[in-house]
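Hi,

Here is the structure I promised to pass on to you. Have a look at it first, and then read my notes below.

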Amino acid sequence: MPRATRTNDWGFPRWRPYGAERDAVKVRLCDRHGCDQPGTCPAPKSPNSPERWWFCAQHAGEYNRGWDYFAGLSAEEAARREAADARTQDGYANARHYAWAGSGDGTRTQDELRALAVFGLEPDATFEATRAAWRTHAKENHPDVAGADPAAAERFRQGQAAWDVLRAAEEGREAVGKRQ
């Protein structure tokens with residue numbers, strides 16, 4: 001009987017680097033015909049199928065570019081499937097607080113970004129620039145100035161609602177700044 005060789009892997013912490021095992025490593029090759037790269041990226045064989053293809057990164061990208069999840073479905077069926085997929089597998093809807101993020105540096109909410117867009121401002125606009133844009137917008141679209149134009153009255157209402165959102169957000173930031 002051959003004598004067992006001594007190992008320097010004595011449990012935790014590991015004394016040898018990862019990937020330095022002596023045992024043979026099982027490698028799955030890419031399922032694309034003629035490819036000899038390791039298949040590390042799973043891809044479904046058909047919609048809602050548990051069976052998977054295993055592609056290398058290059059062929060997985062090629063496969064995903066041509067994938068159409070709704071191929072062969074009517075518009076109503078596609079809309080129903082898309083609505084069903086909006087929920088997680090356990091039946092709960094995705095958390096709404098993940099949807100606030102948008103352009104900018106992350107300091108403004110989606111409502112604030114929409115309000116800034118009403119005035120045509122960038123996401124990093126200062127409060128003073130916001131106040132100036134609000135005043136200009138209000139002077140141009142005020143019902144007393146615009147007369148009987150219903151579109152101007154609607155723009156004025158939107159500007160006032162946007163100003164309320166931005167002013168409340170700024171007051172909230174000031175209150176947090178005072179507490180710290």
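This is a predicted model: local features need pLDDT of at least 70, side-chain atom pairs count only at pLDDT 80 or more; totals for chains, interfaces and linings use all residues.

**What I found**

At 44% relative accessibility, aspartate 111 counts as partly exposed.

**The overall layout**

How many helices and strands does the chain have? There are six helices and two strands, and along the sequence they come in the order β-β-α-α-α-α-α-α. The chain has 180 residues, and 19% of them are buried. Its accessible surface is about 14200 Å², with 53% of that belonging to carbon and sulfur atoms. If you take the contacts with a separation of 6 or more, 27% are between residues 24 or more positions apart.

**More salt bridges**

In general, side chains of opposite charge can pair when their charged atoms come close. The count for this model is 10 salt bridges. Two that you can look up in helix H6 are these:

- Glutamate 154 pairs with arginine 157, and their closest N and O atoms are 2.4 Å apart. These two are three residues apart in helix H6, so about one helical turn separates them. Glutamate 154 is partly exposed at 34% relative accessible area, and arginine 157 is partly exposed at 47%.
- Aspartate 164 meets arginine 167 in a salt bridge of 3.1 Å, N to O. Here too the residues are three apart in helix H6, so the separation is about one helical turn. Aspartate 164 has a relative accessible area of 39%, which makes it partly exposed, and arginine 167 is partly exposed with 34%.

**The aromatic rings**

How many aromatic pairs does a search of the whole structure find? It finds four. Take phenylalanine 127 and tryptophan 163: their ring centres are 5.5 Å apart and their planes are at 25 degrees, so the pair is stacked. Phenylalanine 127 is in helix H4 (residues 127-141) and tryptophan 163 is in helix H6 (residues 150-179), so this pair ties together parts that are 36 residues apart in sequence. Phenylalanine 127 is buried at 16% relative accessibility, and tryptophan 163 is buried at 6%.

Tryptophan 163 also pairs with tryptophan 134: the ring centres are 4.4 Å apart and the planes are at 10 degrees, so this pair is stacked. Tryptophan 134 lies in helix H4 and tryptophan 163 in helix H6, so the pair ties together parts that are 29 residues apart in sequence. Is tryptophan 134 buried or exposed? At 18% relative accessibility, tryptophan 134 counts as buried, because the cut-off for buried is under 20%.

Elsewhere, ring pairs join Trp53, Phe55 and Tyr63 into a cluster. The charged end of lysine 45 sits over the ring of tryptophan 53, 4.5 Å from the ring's centre.

**A few other spots**

Glutamate 51 is in the loop between E1 and strand E2 (52-55). Glutamate 51 is partly exposed, with 48% relative accessibility. Not counting residues up to four places away in sequence, glutamate 51 touches Ala43, Pro44 and Lys45.

Which residues is histidine 59 in contact with, leaving aside its neighbours within four places in sequence? They are Cys30, Arg32 and Cys35. Histidine 59 sits in helix H1 (residues 57-65) and is buried, with a relative accessible area of 13%.

Lastly, Val25, Val27 and Leu29 make a nonpolar surface patch of about 290 Å². Valine 25 is in the segment before strand E1 (41-44), and with 63% relative accessibility it counts as exposed.

Cheers

Methods. Residues are numbered from 1 along each chain as its sequence is written. Side-chain values use heavy atoms; hydrogens and water are left out. Rings of Phe, Tyr and Trp (its six-membered ring) pair if their centres lie within 6.5 Å; planes under 30 degrees apart count as stacked, over 60 as edge-to-face and the rest as tilted. Helices (H or I, at least four residues) and strands (E, at least two) are DSSP runs, numbered from the N terminus. Buried means under 20% relative accessible area, exposed over 50%, partly exposed in between (1.4 Å probe, protein chains only). A charge sits over a ring if NZ of Lys or CZ of Arg is within 6 Å of the ring centre and within 35 degrees of the ring normal. Patches are made of residues with over 30% relative accessible area and no salt bridge: like charges are joined within 9 Å, nonpolar side chains (Val, Leu, Ile, Met, Phe, Trp, Tyr) within 5 Å. Accessible areas come from the Shrake-Rupley method with a 1.4 Å probe; for residues, only the protein chains shown count as cover. A salt bridge is a side-chain nitrogen of Lys or Arg within 4 Å of a carboxyl oxygen of Asp or Glu. Contact means heavy atoms within 4.5 Å.
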